[in-house]
Amino acid sequence: MAVGDRTPRLADLGISSERVLMKHKPPGVFEREVAELEQRVMLTTLEKAVAWAQSKSMWPDTFGLACCAIEMMSTVTARYDLARFGMEAFRASPRQADLLIVSGRVAHKMSGPLRQIYDQMLEPKWVIAMGACASSGGMFNNYAVLQGVDRIVPVDMHVPGCPPRPEALLEGIVRLHEKVQAGVPPAYELRKVAT
Amino acid sequence: MTSAFAGLPGFVEEKEGHGETTVIVERERLLEAARQLRDAEGFNFLADVTSADYLGWGEKGVSGYWGNAGGRDTNSPGSWGFASVPEPKSRRFAVSYHLLALRSEPKRVRLQVWCEDGDPVPSVVPVWPTADWHEREVYDLMGIVFDGHPNLVRILMPEDWAGHPLRKDYPIGGEPVRFSDED
Amino acid sequence: MATTATSPSGTRSPFSTDLSSGRLLYEGSRIPQPIPTILLVPPELEETGDVLTVNFGPNHPSTHGVLRLVVSLDGETVVGLRAVIGYLHTGFEKNMEQKTYWKAITYPARMDYLNFQQNELCFVMAIEKLLGIEPPPKAVWMRTLLAELTRIHSHLVWLGTTGLELGAISIFWYAFRERDLVLDLFEMVTGVRMHTRYFQTGGLAEDIPLGFDAECRRFIDVMPKRVDEYEALFDNNVIFLERTRGVGLLSAEDAIALGQSGPMLRASGVNWDLRRNEPYLVYPELDFDVPVYPDGDVYARYKIHMDEIRQSSRIIRQCLDGMPEGPWILDDRKIVLPPRDELHTSMESLIHHFKLVTEGYRVPEGEVYVPIESARGELGCYLVSDGGPRPWRVHFRAPSLVALEATATCLQQSLIADLIAVAASLDPVMGDVDR
């Protein structure tokens with residue numbers, strides 16, 4: 001992320017499309033234009049542009065487990081309207097999703113599929129642990145419930161509540177967007193764990 | 001009505017409480033009793049098959065005095081003293097079948113069998129097909145084996161789980177609660 | 001096969017009832033043998049045919065939660081089916097044994113998380129039956145009202161998610177619009193949208209706030225017209241009718257053999273509703289109809305859900321009209337906390353408060369089974385007490401578990417698209433199934 005002598009290229013920012021990864025090719029039109037814009041205007045950096053794009057259409061994966069899933073569904077409805085964040089497109093396939101909202105208690109039997117879904121998502125990916133059960137096991141401190149999904153996946157944002165109101169989930173989502181736009185890397189990078 | 005239940009195969013006892021009738025039969029004659037209840041008495045609807053583990057029933061006084069899950073001796077000095085310790089039970093496990101005669105004059109009865117750890121109980125799936133998953137759940141969580149069940153495998157816990165969680169000697173699990181001034 | 005089916009020679013099935021409409025949907029019984037809940041691929045098809053085994057779930061876009069279906073397909077036809085559950089097993093029953101009754105009331109709401117207040121109602125009624133107490137009339141009427149509001153809530157979410165699964169996406173927004181109105185009412189009364197924990201042993205936690213009556217009437221005036229809107233979306237929609245009429249047939253005898261209740265049973269033509277046949281709360285004094293349809297298919301279950309919302313609106317209006325004045329909770333200090341202002345002046349109240357909070361009220365020894373009519377069917381609570389402040393054994397008879405047992409029977413000779421429609425019409429809530 002060097003800003004001094006070399007303008008950062010898209011590949012430095014973790015973008016890994018085929019075009020970007022072809023190292024022998026010079027920067028594309030987008031990169032050149034943004035670099036010129038930076039030199040002229042000196043307002044936005046390339047990283048900020050990428051982070052802005054990532055946060056403005058972060059598509060969640062349909063991972064509703066229990067009661068929190070119902071409140072997650074109601075954030076999509078007209079009153080709370082997740083579509084204004086560009087997030088109403090819940091992808092059924094984890095390959096197409098950016099955000100995993102773990103909503104509900106995770107039984108030990110479900111922890112395997114949860115990790116599988118997380119593994120199938122492509123970087124960059126974020127995880128919101130929605131509700132008390134996903135964050136810490138909630139009121140179920142027993143043999144059956146995983147005491148917090150951060151035991152198996154790296155979590156970016158915990159949203160407390162049982163279940164959290166839709167506004168609370170939206171607060172969590174907005175804070176996640178702010179984190180991304182501030183340049184904080186996703187949790188798997190922060191904790192240096194496998195993705 | 002009392003005479004109808006007294007004629008059940010393997011009849012042991014009939015109890016009334018809170019407006020409900022509990023009929024206890026010997027577990028060896030359970031299938032015959034179930035068939036007679038279904039065909040002759042008209043209890044065509046099996047609402048529930050459930051089990052209870054009475055290990056430690058009344059041993060340390062009633063459960064949960066002074067916030068202690070193990071209970072406390074009600075006769076020791078300083079105890080509450082008024083509660084009576086419940087009567088000990090004959091065996092460790094009780095399997096209860098909640099039956100309903102689904103007709104214009106409905107009737108409910110609880111059919112109960114008692115068994116020890118390791119005693120197999122005949123499966124009532126040939127009598128009421130809905131018992132399938134109920135008995136699997138009882139087997140999974142309480143460890144009671146049902147003879148003649150077509151598919152007795154774990155249903156709620158993962159297939160490779162060891163132990164039967166709802167038994168009284170199975171720990172609650174989870175993680176210990178840590179307080180902020182501890183390390 | 002032990003169950004003698006209704007054969008042309010006229011031998012009565014042991015599962016027949018005089019409450020059934022008597023329409024013959026199919027000959028005999030379609031419950032698979034030898035395992036009633038698993039559809040086994042016929043051996044000749046396994047050897048000669050081209051059978052594909054597909055795994056649905058546990059994470060799949062059907063919002064019915066973490067249900068895993070292992071389906072064997074011959075082309076588009078379902079020839080084998082096995083449901084795997086337990087992905088949401090939370091250990092409710094064991095957890096509740098560790099808590100006093102006061103704390104344990106918090107738990108049942110999270111089981112069937114769509115009609116949460118009825119779970120609490122069932123548990124609280126079981127405790128009260130063991131204690132031998134009757135809550136005051138105002139509490140009983142309010143419980144009835146809230147139970148019916150919860151039923152409306154559950155049916156609305158069912159409608160929205162079923163539409164989503166069948167591809168009729170717009171209904172989701174309409175249904176959840178009304179659901180938000182219901183949750184506003186809950187928030188006004190209890191302070192929370194979901195999992196309200198408003199029922200206490202002996203009555204309600206707090207008095208009904210002023211203004212609830214007006215707000216609730218506004219909602220009730222609007223709700224039946226909204227149901228007409230939903231039906232306008234579906235009733236003449238050719239795709240919906242093709243996908244639901246004649247799909248997922250379940251005869252009355254098979255339904256009773258499989259322990260079905262609630263909309264599943266009433267859609268098969270059996271006039272059985274616990275509110276009418278084994279009444280509790282104030283249902284004996286209320287005037288309402290029980291919708292029964294004899295078709296036994298997915299469309300009948302959908303119609304029953306719609307009619308039940310209308311009937312629930314009727315019941316709520318009667319509850320509002322007939323709501324008595326008076327205390328909202330019993331005055332028995334051995335069970336109910338004394339009012340807080342008394343703690344400053346009365347020593348006995350302070351001691352009662354202390355004992356109730358630290359130790360909890362003691363429930364006499366005994367065992368009870370209390371069934372109620374939840375939105376999904378017969379929800380029962382089996383409670384065993386040893387005389388102490390903690391339950392010895394709590395078990396909930398989950399209507400969703402029993403509904404899922406009927407999957408294999410309903411899906412005989414069906415296409416894979418019907419699988420989605422049938423699974424949606426069974427209305428399983430995985431929290432209830434797995435507990």
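C:Y107 is placed in the loop between α3 (101–104) and α4 (116–131) of chain C, where helices (H or I, at least four residues) and strands (E, at least two) are DSSP runs numbered from the N terminus. The model is predicted, and local features need pLDDT of at least 70, side-chain atom pairs count only at pLDDT 80 or more, and totals for chains, interfaces and linings use all residues. Residues are numbered from 1 along each chain as its sequence is written, while chains are lettered from A and ligands numbered from 1 in the order in which they are written.

**The surroundings of C:Y107**

- C:Y107 is buried, because 24 other C-beta atoms lie within 10 Å; a residue counts as buried if 20 or more other C-beta atoms lie within 10 Å of its own, as exposed if 12 or fewer, and as partly exposed in between, with C-beta atoms placed from the backbone.
- With its neighbours within four places in sequence left aside, C:Y107 is in contact with C:F92, C:N95 and C:M96, a contact being two residues whose C-beta atoms, placed from the backbone, lie within 7 Å.
- C:Y107 and C:R197 are 90 residues apart in sequence, and their C-alpha atoms are 8.8 Å apart in space.

**Strands and a helix of chain C**

- Strand β1 (residues 51–56) of chain C runs antiparallel to strand β2 (residues 68–74) of chain C, and 6 bridges join them; two strands pair if DSSP finds at least two bridges between them.
- Within this pairing, C:T53 stands opposite C:S72 in β2(C).
- β2(C) also pairs in the antiparallel sense with strand β3 (residues 77–84) of chain C, over 7 bridges, and here C:L73 stands opposite C:V78 in β3(C).
- The hairpin of β2(C) and β3(C) has 2 residues between the strands, and C:G75 in this hairpin takes a positive phi near 75 degrees.
- Helix α13 (residues 347–358) of chain C has 12 residues, which at 1.5 Å a residue should span 16 Å, and the 17 Å between its end C-alpha atoms agrees with this; the expected span is 1.5 Å times one less than the number of residues.
- Of the 12 residues of α13(C), 1 is buried, so the helix lies largely in the open.
- After α13(C) comes C:G360, with a positive phi near 95 degrees.

**Chain A: fold and domains**

- Chain A has 8 helices and 4 strands, and along the sequence these follow the pattern α-α-α-β-α-β-α-β-α-β-α-α.
- Of the 195 residues in chain A, 42% are buried, and of the contacts in chain A with a separation of 6 or more, 75% are between residues 24 or more positions apart.
- The 4 strands of an open sheet in chain A are ordered β1-β2-β3-β4, with parallel pairing; β1 (60–61) and β4 (157–159) of chain A are the edge strands, each pairing on one side only.
- β1(A) pairs in the parallel sense with strand β2 (residues 99–103) of chain A over 2 bridges, and A:L99 in β2(A) is the bridge partner of A:P60.
- Helix α4 (residues 67–76) of chain A lies across β2 and β3 (126–130) of chain A and runs at about 130 degrees to β2(A); axes are lines fitted to C-alpha atoms, for helices over the stretch in contact, and angles run from 0 to 180 degrees between N-to-C directions.
- Chain A is divided into domain 1 (10–55) and domain 2 (57–190), with bounds that come from an automatic or database domain assignment.
- The contact between these domains takes 6 residues from domain 1 of chain A and 7 residues from domain 2 of chain A.

**Chain B and its interfaces**

- Chain B comprises 3 helices and 7 strands, which run α-β-β-α-β-β-β-β-α-β from the N terminus on.
- Buried residues account for 43% of the 183 residues of chain B.
- Towards chain C, 47 residues of chain B are in contact with 54 residues of chain C; α2 (30–39), β3 (45–53), β4 (93–101) and α3 (131–142) of chain B are the elements that give two or more residues to this side, and β3(B) provides the largest share, 6 residues.
- Towards chain A, 6 residues of chain B are in contact with 7 residues of chain A.
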